[in-house]
Amino acid sequence: MYHEDRRDSHILSREGQMFKNTYPLFERKKILKKEMLENLRDYPRDFFRILYQDYSDGILSGCRLKVQEPYVCVEPGILYYNKEFYIMNSPYRLLYEPTGKEQYIKVRFLETAGGVEKKEAAARVYIDDTPPNKKDEQELARFKLQEGARLRDQYTDFYDYATEFDTLILIHAPYASPIKCTINPRISKAYAVSMMKYPAKNLWDSAFCLNCLQEGDALSHAMIRSYLNVRLKQEKETYRPAEIYESFQKLLTEAEGN
């Protein structure tokens, strides 16, 4: 007992960083100090930086796309890229045209701008016919719109998410997830709804589909990878969002008996 007390005393006497929660107290007739304002500035940033420190690049929240002819509206949301958060607080409309060619809705991350009063990390949303540059761009969606047709943002079932023409295709957009990116949660939910229509032939299907329907956010890449590797009898380390969709499609086709 004597030795344990000495050990604890030794630990408490060491100098080092401790867990703490410091917040300023604003009171009447008190001097407003620079440190108080810095604390208000840094706390939200530090909180989110630690919370998502192991996440991959991708859509973190929101950024849902809606067609408002002749525009595609990108709703407010948060992107995570290169350990930085990019926040869009209001909807942004993009003009689109029917070209019959594949077009990409994407985000280009610009170089961080600095000045005396602020540091700004910005990104630009736009549409063109060039595939995203992996160096500094992320895809939100793609589409092929024919002359005289209308662009769709509603889907009848899981398979409809891969319709080639006149439909916003979401299966390639990366969603932020621990370590590696994952797929749009709307697609995983659509897969679960379709799979649950058929008699469960595998307990893994039932458990996974229930998780898809219960989760509000995107399922982690690790969870999806584990499920797909077991069901497909393989040991793949990484599934890109499009590969996740293709694997779901294969399992659903088997469940249908086709």
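These notes cover a sheet, aromatic contacts, charges over rings and cysteines in a predicted model.

1. **Ground rules.** Residues are numbered from 1 along each chain as its sequence is written, and side-chain values use heavy atoms, with hydrogens and water left out. The model is predicted, so local features need pLDDT of at least 70 and side-chain atom pairs count only at pLDDT 80 or more, while totals for chains, interfaces and linings use all residues.

2. **The sheet.** Three strands form an open sheet in the order E1-E4-E5, with antiparallel pairing. Strands here are DSSP runs (E, at least two residues), and helices are runs of H or I with at least four; both are numbered from the N terminus. Two strands pair if DSSP finds at least two bridges between them. E1 (58–62) and E5 (84–88) are the edge strands, each pairing on one side only. The twist averages 20° from one strand to the next; axes are lines fitted to C-alpha atoms, for helices over the stretch in contact, with angles from 0 to 180 degrees between N-to-C directions.

3. **The E4–E5 pairing.** E4 covers residues 77–81 and pairs with E5 in the antiparallel sense over 5 bridges. Tyr-80 has Phe-85 in E5 as its bridge partner.

4. **Aromatic pairs.** The whole structure holds 17 aromatic pairs. Rings of Phe, Tyr and Trp (its six-membered ring) pair if their centres lie within 6.5 Å; planes under 30 degrees apart are stacked, over 60 edge-to-face, and the rest tilted. Tyr-52 and Phe-85 form an edge-to-face pair, at 6.1 Å centre to centre and 70° between the planes. Tyr-52 is in the loop between helix H2 (34–51) and E1, and Phe-85 is in strand E5, 33 residues apart. Tyr-52 is buried at 18% relative accessible area. Phe-85 is partly exposed at 22%. The cut-offs are under 20% for buried, over 50% for exposed and in between for partly exposed (1.4 Å probe, protein chains only).

5. **An aromatic cluster.** Phe-158, Tyr-159, Tyr-191, Phe-208, Tyr-227, Tyr-245 and Phe-248 form one cluster.

6. **Charges over rings.** The charged end of Arg-93 sits over the ring of Tyr-71, 4.1 Å from its centre. Arg-124 lies over the face of Tyr-126, at 4.3 Å from the ring centre. The test is NZ of Lys or CZ of Arg within 6 Å of the ring centre and within 35 degrees of the ring normal.

7. **Cysteines.** The structure holds 0 disulfides; the cut-off is a pair of cysteine sulfur atoms within 2.5 Å. Cys-209 is in no disulfide, and its nearest cysteine sulfur, that of Cys-212, is 5.8 Å away. Cys-209 is buried at 0% relative accessibility. Cys-181 is partly exposed at 22%.
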